[in-house]
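Hi everyone, thanks for making the time. Let me bring the structure up on the screen, and then we'll walk through it together.

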Amino acid sequence: MDHALKGGKPENVRTDCLILPVGPERELGATAKRLDALTDGRIERALARDDLGRGLGRTLLLTDPAELRAPRLLLVQVGKPPLDAAGFRKLVRNAAAAVITTGAQDATLCLDDVDVKDHDPSWCAAEAVIQAAEEAYRFHDYLSEPGETLKVNLRRFNLHQSAAARAGIDRAIKEAGAIADGVAMARTLGNLPGNVCHPSYLAAEARKLGQGAKQLSVRVLEEKQMKSLGMGAFLSVTAGTEQPAKLIVMEYRGGAQKAKPLVLVGKGITFDTGGISLKAGAGMDEMKFDMCGAASVFGTMKAVLGMELPLNVVALVAAAENMPSGSASRPGDIVRTMSGQTVEILNTDAEGRLVLCDALTYVERYKPEAVVDIATLTGACVVALGHHASGLFSNDDALADALLAAGERSGDRAWRLPLWEDYQQQLRSNFADMANVGGREAGSVTAACFLSRFARNFQWAHIDVAGSAWLTGAKKGATGRPVRLLVEWLKSRTG
Ligand code: BES
Ligand code: MN
Ligand code: ZN
């Protein structure tokens, strides 16, 4: 979707649909008043009849408003003041959804009368771009006939601002477009089925990202190289599948030559059957989403490229498929990780930590400024936090605070859980340095504790997105989280 900032008188905006925020009761803002006068009082009358309603985000479509260039005027209810960030997001979502039901290919949101608590017009413009793009997102590549409800005519979502506040908005809109593209990429990779989106597919996606972007270089480590690096844990996960595993490395150089990189590591299990510790059948299709951590790393890199952030970022994707077969790892198997520590695999379904631990050891070579891994790691995280917050763990309070703050600002929130030493003993094994599972209690914490043993040499955080990366039920599909959190955090590191 394209985006542009328009100026001048609102009645002169050439667009298929002018979106006008109004309310809360009947006091119109300056621009709404002006348009009301020009349309012979149509807005006031519609409000007086209560056709718009009072609830935030209610919409009313007026067609052929006389004296406006636009053939459609969509009113959207601002609700009771103050309008906060969450309210504004809902307003834009509803307005975009209403436009999408029409034939309009182009819509323009008028920001003149909008005042969002604690946020400036640049923020509003950027947020509107992202929300509209998310609302217009579709995944119907595999439908023979998309059908009317899935059809989207909307191609451009523009912003209008007549006042002087335009400075900086243009840039914010461009950045927002890049973020929206990153979120969409993460969603699509997540939504793709396991028979299409396997580790080799992800490797090809990485190479595609690198093509034509000279700040991004891409390398893919094959199983042979992983073997010589001593990645026994990673390789144990891929032992049962025909699909070759890939360790994908993307290096983005946008910062100073000598600046240490920020490192992202994504869990990319393209399908998780559980292996020999086979999962139950019901809902197993959703384990195609077990690469959503990796998808968020791809999406974030796409956004970083589009925004040309002045940073050095290294992104790793640990891609493998977890399958049972005659060559699969068994419960009780003992493997040596790249770090030298040994692991007793008590449950082959706790595979995410096995691919991630070797990837974490691998990134030591970059002498990273900080490392953040993103993984659909534990069902226990879904139980603890539901789908509203991602789980955050860190060995560094400042890093944890920065990530939490980035989540708050972007509306892509995380909640911190403890990594106390007390939990580490649950990983004790009789036969190896540690077991790969820590029992029923605090499953997300013990998974993070396991990873922490491979992150002792740098500032590190782990984001468990098992509950946030996709939705189940009627709205089943990838959310693109936590791309927004990660981009916001990276932006905050540009100083
Ligand atoms: N990919 C799953 C985690 C998961 C499960 C995410 C359900 C979202 C929904 C992970 O690989 C896994 O299977 N974890 C096990 C760990 C257990 C064996 C200690 C789990 O959560 O059951
Ligand atoms: Mn698993
Ligand atoms: Zn998994």
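Before going on, a word about what you're looking at. This is a predicted model, where local features need pLDDT of at least 70 and side-chain atom pairs count only at pLDDT 80 or more, while totals for chains, interfaces and linings use all residues. Residues are numbered from 1 along each chain as its sequence is written, chains are lettered from A and ligands numbered from 1 in the order in which they are written, and side-chain values use heavy atoms, with hydrogens and water left out.

A donor here is an N, O or S atom within 2.8 Å of the metal (3.2 Å for Na, K and Ca), and since water is not among the atoms, sites may look incomplete. For the cut-offs: four donors are tetrahedral if all angles lie between 85 and 135 degrees; four are square planar and six octahedral if opposite donors are over 155 degrees apart and all others between 65 and 115; anything else is irregular.

Now the zinc ion (ligand 3). Which residues supply its protein donors? They are Lys-267 (NZ), Asp-272 (OD), Asp-290 (OD) and Glu-351 (OE), lying 2.0 to 2.4 Å from the zinc ion. The site of the zinc ion is octahedral, with angles of 78 to 174 degrees among its six donor atoms. In sequence, the zinc donor residues are spaced K-x4-D-x17-D-x60-E.

How far apart are the two metals? The zinc ion (ligand 3) and the manganese ion (ligand 2) are 3.2 Å apart, and Asp-272 coordinates both. Asp-272 lies in strand β9 (residues 262-272) and Glu-351 in the loop between β12 (342-344) and α10 (352-362), so the pair ties together parts that are 79 residues apart in sequence. Helices (H or I, at least four residues) and strands (E, at least two) are DSSP runs, numbered from the N terminus.

Asp-349 is partly exposed, at 21%. Of the 16 residues around ligand 1, Lys-279, Asp-290, Asp-349, Glu-351 and Gly-379 come nearest; a residue is near if one of its heavy atoms lies within 4 Å. Polar side-chain atoms of Asp-349 and Glu-351 each lie 2.8 Å from an oxygen atom of ligand 1. For the side chain of Lys-267, an N or O atom is 3.2 Å from a ligand 1 oxygen. A polar contact is a pair of N or O atoms within 3.5 Å; within protein, one must be able to donate a hydrogen and the other to accept it, and residues adjacent in sequence count only if both atoms are side-chain atoms. Taken alone, ligand 1 exposes 510 Å², and the protein buries 77% of that; these areas come from the Shrake-Rupley method with a 1.4 Å probe, and for residues only the protein chains shown count as cover.

Let's move to strand β4 (residues 72-77). How many of its six residues are buried? Six of the six are. Arg-72, Leu-74 and Val-76 point one way, and Leu-73, Leu-75 and Gln-77 the other.

Strand β4 has partners, where two strands pair if DSSP finds at least two bridges between them. Strand β2 (residues 17-22) runs parallel to β4, joined by five bridges, with Ile-19 partnering Leu-74. Strand β3 (residues 59-63) is antiparallel to β4, also over five bridges, and there Thr-63 partners Arg-72.

One more sheet: an open one of three strands, ordered β11-β12-β16, with mixed pairing. β11 (334-336) and β16 stand at the edges with a single partner strand each, so one side of each is left without a neighbour in the sheet. β11 and β12 are antiparallel over three bridges, and Val-335 has Val-343 as its bridge partner in β12.

Last stop: Ala-442, in the loop between β16 (434-435) and α14 (443-452). Ala-442 is partly exposed, with a relative accessible area of 31%. In α14, 10 of the 10 residues are buried, so the helix is largely enclosed by the rest of the structure.

Thanks, everyone; over to you.

Key: Buried < 20%, exposed > 50% of the residue type's maximum accessible area, 1.4 Å probe, protein only.
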